[in-house]
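Colleague: I would like to learn how to read a fold feature by feature. Can you take me through one?

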Amino acid sequence: MKGARIMSTTTEYQVTGMSCGHCEGAIRAEVSQIPGVTDIEVSAASGRLAVSAEQPVDDSAVLAAVDEAGYQAARS
């Protein structure tokens, strides 16, 4: 379909324990492995993580990925 746009959904999380760019990179690396994720915005300054995907991503997958990176998150 010409001109069709793929809709995406973005879910925000509050992450504790981040303090630098390395923290952001570790979280980005883990979350990027979740199938369907199309964009990740993470900020150590605000403690914010925004995950965009073509379909809603299972919160437990995001929380597990953040945990694997060594941090804790909760949905905002």
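Modeller: We will go through a hairpin, a loop residue, a helix and a core. Keep in mind that this is a predicted model.

Colleague: Start with the strands. How many bridges join E2 to E3, and do they run parallel or antiparallel?

Modeller: Strands count as paired if there are at least two bridges between them. Here, strand E2 (residues 37-43) and strand E3 (residues 48-53) are joined by six bridges. They run antiparallel.

Colleague: What lies between E2 and E3?

Modeller: Four residues, and the two strands form a hairpin. Look at Gly47 in the turn: its phi is positive, about 75°.

Colleague: Which backbone oxygen does the side chain of Ser32 reach?

Modeller: That of Ala29, at 2.9 Å.

Colleague: On to helix H2. Which of its residues are buried?

Modeller: H2 covers residues 59-69, and its buried residues are Val62, Ala65, Val66 and Ala69. Look down the helix axis. Those buried residues fall within an arc of 95°, so they line one face of H2. The face turned away from that side carries Asp67 and Glu68, both exposed.

Colleague: What do the buried residues of H2 pack against?

Modeller: Strand E1 (9-16), H1, E3 and strand E4 (72-75). After H2 comes Gly70, with a positive phi near 100°.

Colleague: And the core? What is the general idea?

Modeller: Nonpolar side chains tend to be buried together in soluble globular proteins. In this model, the largest nonpolar core has 20 residues. Those touching the most other members are Met18, Ile27, Val31, Leu49, Val62, Val66 and Tyr71. At least two core residues come from each of E1, H1, E2, E3 and H2. H2 gives the most, with four.

Colleague: Take Val31. Which residues does Val31 touch, leaving out those up to four places away in sequence?

Modeller: Val37, Ile40, Leu49, Val51, Ala65 and Val66. Ala65 and Val66 are among the buried residues of H2.

Key. Residues are numbered from 1 along each chain as its sequence is written. This is a predicted model: local features need pLDDT of at least 70, side-chain atom pairs count only at pLDDT 80 or more; totals for chains, interfaces and linings use all residues. Side-chain values use heavy atoms; hydrogens and water are left out. A polar contact is a pair of N or O atoms within 3.5 Å; within protein, one must be able to donate a hydrogen and the other to accept it, and residues adjacent in sequence count only if both atoms are side-chain atoms. Buried means under 20% relative accessible area, exposed over 50%, partly exposed in between (1.4 Å probe, protein chains only). The arc is that of the directions from the helix axis to the C-beta atoms. Contact means heavy atoms within 4.5 Å. A nonpolar core is a set of buried Ala, Val, Leu, Ile, Met, Phe, Trp, Tyr and Cys residues joined through side-chain atoms within 4.5 Å.
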